[in-house]
Structures are given as C-alpha cells and as structure tokens.
Amino acid sequence: MKKNILKIIKTKNKRPLVCLTAYSKPIAKILDKYCDIVLVGDSLATAMYGMKNTHNVTLETMIQHGVSVSSNLSKALCIIDMPTNTYRNIREAKKNALLLVRKTKCDGVKMECNGKNFKIIESVVKLGIPVMGHIGFTPQHYNKFRLSGSLKRDRSKLLNEAKKNEKAGVFSIVVECVTNIAAKEITQSLKIPTIGIGASIHCDGQILVTDDMLGLSGFYPRFVKKFVKLNNIIKKGVQKYNKAVLSRKFPSKINTF
Ligand code: KIV
C-alpha cells in the first residue's frame, strides 16, 4: 500500500523513517520496498552529472529524473527537490512547484530554507502541495560543507528556523550536518519528523545519498557509511568484460543469434 503524508508524520516517536535518494528507474524500484521516502535530490548534479555543486540544476532535469523515479514507486513517497532559483519569490515558487507535481506526479517537494523564505514555503503548502523543509547545511546556498550547531547562538538560530518551517506547514524537515545536541533539541521541539543527514541518531529518520552509501560516488564524508562497496563490484565486472572481449571469449555461442 502507498504511504501517505499523515502516516509519515505519525511515525514520530514510534519508529525511525528510512529515506534515500534516487534519480533513476532501477534504483527507485529497489528502494521502494525499503524506504518510507525516496527523494529525487538535486544532489544528482554532483552524484550523476559530475557538476561542482547543485547550483546549476534546472527544473527540466529534476522533472525528467522525477518522472523516472515517481512512476516506479508503488509504496514509498516520492519527494522532489526544487532546484536553485526556482523559488525566489512566491509567484515563482507556486508556478514551479505546481509544474513539478503535475509533470512528475510526485507526492511533494523539498525546499531548502535560506533563513528568510518561510512565506514562500508557506505559499506552496497552501496550494495543497506537501513540502519537506531542509535546514543546517543547505547545499544550494553554500559551496563547502559546514557543520552548524556547535555554538549556542547557532543552535538557537537552527531551532528558530526549524520552528518557522513547521509553522509554514512543512510535513517533515531534513536536518543536514548539525551537531548531535542541535539535532536533539530540534527533534524534541517539533511535532513533525526530522530527517537527519550528518545529524546524529537523535533525528526521527535518516537519509543518505544512495550513490554515497553504495560506495559509488567517491564522496565519503564522516557521516556517510558505505553499506556496500559497489565501485569494487562494478570494477570487477568491467575487468571481466574487458578480458572476455580481448580474448574473444565474449560473445560466446549462447550470446549469439
Ligand atoms: O539533494 C539531496 O540529495 C539532498 C539530501 C542529501 C537530503 O538534499
């Protein structure tokens, strides 16, 4: 059965939410059974397209990958990132969020908080589109990873942003790269689930970039655990193929018409 937003919210204080990213059909099909939420993250810029950061991803790219993921999930919720410069004001945000949802049939969108855009986030929620918030390290606004929440005044700012996101109506919030004290404080102060990435065990759920946790991306900061080393497995397969072609062992009779 398909999950829904209410069920996701109701997991708070009951069980952790399992979330991962997907950009394509084969990964979406695998994740569907094991995830509550599958995020088509704009991290596809770096993970898939080899860009330096997420700043130049277009709405068209998100729609294309969004369709591929959304149409291949039957259980997990599909949330799609609104890319940089697609929600700078209320009019732009409403137009682009509607387009994203209509074209991909996703279950909601994610919007990064810049510390001021609460009214913009609220305007999308008011359209009836479920919005996932994102605070802490928000890659659309920075170039380099940064940890926040070490200082008390940092934590107050984070908590304030989290509460304002909740007030704006987000159904959950990604908390990225913050100290465990900050994550605990935020999680305990909100009624909606927090989804951590580099934000400790105190969050209500966890998310990682799938390419990172599969050991495929070459990007492994401390908060990423490689659950499998897919790069080695793929390398072995490619080496075997290379040998087989060079030695004319492939294609063999069975692969030949
Ligand atoms: O773009 C993305 O994949 C994300 C997750 C890392 C939360 O925002």
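Biologist: Let's start with M51: how many C-beta neighbours inside 10 Å does this residue have, and how does it count?
Modeller: This is a predicted model, so local features need pLDDT of at least 70 and side-chain atom pairs pLDDT 80 or more, while totals for chains, interfaces and linings use all residues. Numbering runs from 1 along each chain as its sequence is written. A residue is buried with 20 or more other C-beta atoms within 10 Å of its own, exposed with 12 or fewer, and partly exposed in between, the C-beta atoms being placed from the backbone. M51 has 14 such neighbours, so it counts as partly exposed.

Biologist: Where is M51 found, and which residues does it touch, leaving out those up to four places away in sequence?
Modeller: Helices (H or I, at least four residues) and strands (E, at least two) are DSSP runs numbered from the N terminus, and M51 is in the loop between α3 (44-47) and α4 (59-70). Contact means C-beta atoms, placed from the backbone, within 7 Å. Leaving out residues up to four places away in sequence, M51 touches A45, T46 and N56.

Biologist: And S43, is that buried or exposed?
Modeller: S43 is in the loop between β2 (37-40) and α3. Leaving out residues up to four places away in sequence, S43 touches T21, T54 and V209. It has 23 other C-beta atoms within 10 Å, so S43 is buried.

Biologist: Which members of the largest nonpolar core touch the most other members?
Modeller: A nonpolar core is a set of buried Ala, Val, Leu, Ile, Met, Phe, Trp, Tyr and Cys residues joined through C-beta atoms within 7 Å. The largest one has 64 residues. Leaving out residues up to four places away in sequence, V38 touches L20, A22, A28, L31, V69, L73, A76 and C78. The members touching the most others are I37, V38, C78, V109 and V175.

Biologist: What is the phi of N85, and what about S200?
Modeller: Most residues other than glycine have a negative phi. N85, in the loop between β3 (77-81) and α5 (90-104), and S200, in the loop between β7 (194-197) and β8 (205-208), are both positive without being glycine. The values are about 65° for N85 and near 75° for S200.

Biologist: What is omega for the peptide bond from F250 to P251?
Modeller: Most peptide bonds are trans. P251 sits in the segment after α10 (230-246). The bond from F250 to P251 is cis, with omega near -5°.

Biologist: Zooming out, what separates the centres of domain 1 and domain 2?
Modeller: The bounds, from an automatic or database domain assignment, are 5-226 for domain 1 and 230-257 for domain 2. Taken over C-alpha atoms, their centres are separated by 39 Å.

Biologist: Last one: what percentage of the protein chain's residues is buried?
Modeller: The chain has 10 helices and 8 strands, and its C-alpha trace spans about 65 × 40 × 35 Å along the principal axes. Of its 257 residues, the buried share is 44%.

Definitions and conventions. Two residues are in contact if their C-beta atoms, placed from the backbone, lie within 7 Å.
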